[in-house]
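Here is a friendly walk through one protein model, written for someone who likes to know which residues sit together. Please have the sequence and the 3D view open as you read.

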Amino acid sequence: PSPQSEIFALGSTIYELETTRRPYDGKTDKEIERLFSAEDFPDTSAMVLGEVVTKCWKAEYKNISEAREDIMRTQKKFEGGRANIAHNKETVWWGKR
């Protein structure tokens with residue numbers, strides 16, 4: 001695996017952790033490959049780390065450190081805040097208590 005494929009996989013893992021669903025859940029492997037190849041990615045706009053996921057998928061990070069920096073920046077936005085867990089059918093949001 002190349003560093004870029006590992007970063008892509010990180011985006012998919014974050015997506016699955018935050019939504020509790022795989023990207024393109026219910027589609028065949030062939031359909032998924034076609035959609036990813038066409039850069040037709042699932043909507044991440046309602047996700048806490050949606051921007052990170054999209055940047056991983058679009059190969060906008062040169063290395064994993066850049067992704068980590070964005071994750072840490074997002075974490076700082078939520079530090080000190082009260083817990084907020086809101087659910088909808090597409091996204092699960094976690095916050096601190």
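## About the model

This is a predicted model, in which local features need pLDDT of at least 70, side-chain atom pairs count only at pLDDT 80 or more, and totals for chains, interfaces and linings use all residues. Residues are numbered from 1 along each chain as its sequence is written, and side-chain values use heavy atoms, with hydrogens and water left out.

## The nonpolar core

Let's start inside. A nonpolar core here is a set of buried Ala, Val, Leu, Ile, Met, Phe, Trp, Tyr and Cys residues joined through side-chain atoms within 4.5 Å. Buried means under 20% relative accessible area, exposed over 50%, and partly exposed in between, with a 1.4 Å probe and protein chains only. The largest such core has 16 residues, and the members touching the most others are Tyr 24, Phe 36, Val 52, Val 53, Trp 57 and Tyr 61. At least two core residues come from each of helix H1 (3–19), helix H2 (29–37) and helix H3 (50–57). H3 gives the largest share, 4 residues. Helices (H or I, at least four residues) and strands (E, at least two) are DSSP runs, numbered from the N terminus.

Contact means heavy atoms within 4.5 Å. With neighbours within four places in sequence set aside, Tyr 24 is in contact with Ile 32, Leu 35, Phe 36, Asp 40, Phe 41 and Pro 42.

## Tyr 15 and Thr 44

Tyr 15 belongs to helix H1 and is buried, at 8% relative accessible area. Leaving out residues up to four places away in sequence, Tyr 15 touches Thr 20, Arg 21, Arg 22, Pro 23, Pro 42, Asp 43, Thr 44, Met 47, Val 53 and Trp 57. The C-alpha atoms of Tyr 15 and Val 53 are 6.5 Å apart, although 38 residues separate the two along the chain.

Thr 44 lies in the loop between H2 and H3. Not counting residues up to four places away in sequence, Thr 44 touches Tyr 15, Gly 50, Val 53, Thr 54 and Trp 57.

## Two positive phi angles

Thr 20, in the loop between H1 and H2, is not a glycine, yet has a positive phi of about 65°. Thr 20 counts as exposed because its relative accessibility is 58%.

Ala 59 sits in the loop between H3 and helix H4 (64–78). Its phi is also positive, near 60°, in a residue other than glycine. Ala 59 is partly exposed, with a relative accessible area of 44%.
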